[in-house]
2 protein chains.
Amino acid sequence: MKGAVSDERLAVWAKALSHPARIAILRTLAERSTCICGEIVDVVPLAQSTVSQHLKVLREAGLIVGQADGPRSCYCLDTSSVTELRNELDGLLTHLECCGENCCSTDSKTEGGE
Amino acid sequence: MKGAVSDERLAVWAKALSHPARIAILRTLAERSTCICGEIVDVVPLAQSTVSQHLKVLREAGLIVGQADGPRSCYCLDTSSVTELRNELDGLLTHLECCGENCCSTDSKTEGGE
DNA sequence: ACGTTTTATCGTATATCGACGATAAACGAT
DNA sequence: ATCGTTTATCGTCGATATACGATAAAACGT
């Protein structure tokens with residue numbers, strides 16, 4: 001079998017979520033529930049250019065949409081993508097839960113490696 | 001505000017999922033529902049050392065547990081962590097869904113960048 | 001004891017990420 | 001037309017990720 005979407009797509013989405021700043025940006029976008037532009041720079045302690053980069057990553061991952069026609073950009077969540085991501089992620093993790101069994105000791109003694 | 005767990009922890013988990021090979025490894029571990037060792041090398045088209053590295057990433061993220069006492073390692077999913085991850089991720093994404101509004105055009109005209 | 005098998009680690013090379021400052025482009029106000 | 005504001009992009013630098021082969025370590029079989 002294999003998941004509904006490819007693991008690659010799932011990985012791309014996960015990568016978009018793999019940075020605290022990007023999660024914070026998504027939260028901010030959700031709370032304003034409207035498009036904001038440079039307010040994100042006030043929320044996350046990063047340079048404007050860095051925030052712009054993170055926005056680009058999120059946009060390329062399809063999690064947000066935005067247009068930068070002029071000096072006033074407009075970003076907001078792509079709720080349909082978020083929904084899709086939620087479903088796929090839930091599918092994957094539920095699958096992992098249902099099949100997985102803790103056969104090893106859960107002590108995770110092997111950690112603290114280096 | 002802020003999520004139940006820190007965005008940093010969420011980001012670490014997401015980063016662990018941000019590679020197709022690691023997702024495939026997790027799926028494999030779930031399907032065997034038992035600890036396997038080098039069978040993963042047969043599943044993903046990667047060198048043994050690379051697979052070992054991915055396993056290390058997954059172990060350090062807490063998604064799998066394993067012990068490498070001898071030549072025969074034993075890995076399996078950490079179902080409690082998977083459950084926790086699923087809950088947190090679901091919480092985040094549901095939050096994004098409920099608050100977010102598609103105020104921008106969903107055309108995502110800004111894509112097609114490079 | 002020795003060789004085989006299995007796995008982790010090391011070393012290396014390349015690519016990508018993450019951060020910043022500087023700059024360019026676009027619009028609004030004057 | 002010019003200035004100021006806002007944002008995207010470029011260039012750069014260090015850090016991390018990804019992949020591989022080679023090597024070391026640990027158990028098992030002979």
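From the N terminus on, the elements of chain A follow the order α-α-α-α-β-β-α in this predicted model. Buried residues account for 35% of the 114 residues in chain A. Of the contacts in chain A between residues at least 6 apart in sequence, 52% join residues at least 24 apart.

Within chain A, helix H4 covers residues 48-60. Its 13 residues should span 18 Å at 1.5 Å a residue, and this agrees with the end C-alpha atoms, which are 18 Å apart. The buried residues of H4(A) are Val51(A), Leu55(A), Leu58(A) and Arg59(A). Viewed down the axis of H4(A), these residues fall within an arc of 100 degrees and therefore line one face of the helix. An α-helix has 3.6 residues a turn, so residues three or four places apart point the same way. The cover over the buried residues of H4(A) includes helix H1 (7-16), H2, helix H3 (39-43), strand E1 (64-67) and E2 of chain A. After H4(A) comes Gly62(A), with a positive phi near 85 degrees.

In chain B, helix H5 was examined in the same terms. This helix consists of 21 residues (residues 79-99), for which a span of 30 Å should result at 1.5 Å a residue; the end C-alpha atoms are 30 Å apart, in agreement. Buried in H5(B) are Thr79(B), Val82(B), Leu85(B), Leu89(B), Leu92(B), Leu93(B) and Leu96(B). Because they cover an arc of only 150 degrees around the axis, these residues lie on the same side of H5(B). The elements against which the buried residues of H5(B) pack come from both chains. Chain A supplies helix H2 (20-32), strand E2 (74-77) and helix H5 (79-99), while chain B supplies helix H1 (7-16) and strand E2 (74-77).

Helix pairs formed between the two chains were then considered. H5(A) packs with helix H2 (residues 20-32) of chain B at an angle of about 35 degrees, and the two axes are 7 Å apart. This crossing of H5(A) and H2(B) is left-handed. His95(A), Leu96(A) and Cys99(A) of H5(A) make the contact with Leu26(B), Ala30(B) and Glu31(B) of H2(B). By class, the residues of the contact of H5(A) with H2(B) are four nonpolar, one polar and one charged.

A second pair is formed by H2(A) and H1(B), which pack at an angle of about 115 degrees with their axes 8 Å apart. The crossing of H2(A) and H1(B) is right-handed. On the side of H2(A), Pro20(A), Ile23(A) and Ala24(A) take part, and they meet Asp7(B), Glu8(B), Leu10(B) and Ala11(B) in H1(B). The residues of the contact of H2(A) with H1(B) comprise five nonpolar, no polar and two charged.

Gln53(B) belongs to helix H4 (residues 48-60) of chain B. With 14 C-beta neighbours inside 10 Å, Gln53(B) counts as partly exposed, because a residue is buried if 20 or more such atoms lie within that distance and exposed if 12 or fewer do. Gln53(B) and Arg22(B) are 31 residues apart in sequence, and their C-alpha atoms are 9.9 Å apart in space.

How values were computed. Residues are numbered from 1 along each chain as its sequence is written. Chains are lettered from A and ligands numbered from 1 in the order in which they are written. This is a predicted model: local features need pLDDT of at least 70, side-chain atom pairs count only at pLDDT 80 or more; totals for chains, interfaces and linings use all residues. Helices (H or I, at least four residues) and strands (E, at least two) are DSSP runs, numbered from the N terminus. The expected span of a helix is 1.5 Å times one less than its number of residues. The arc is that of the directions from the helix axis to the C-beta atoms. Two residues are in contact if their C-beta atoms, placed from the backbone, lie within 7 Å. Axes are lines fitted to C-alpha atoms, for helices over the stretch in contact, and angles run from 0 to 180 degrees between N-to-C directions. A crossing is left-handed if the near helix is turned anticlockwise from the far one by less than a right angle, and right-handed if clockwise. Ala, Val, Leu, Ile, Met, Phe, Trp, Tyr, Cys and Pro count as nonpolar, Asp, Glu, Lys and Arg as charged, and the others, Gly among them, as polar.
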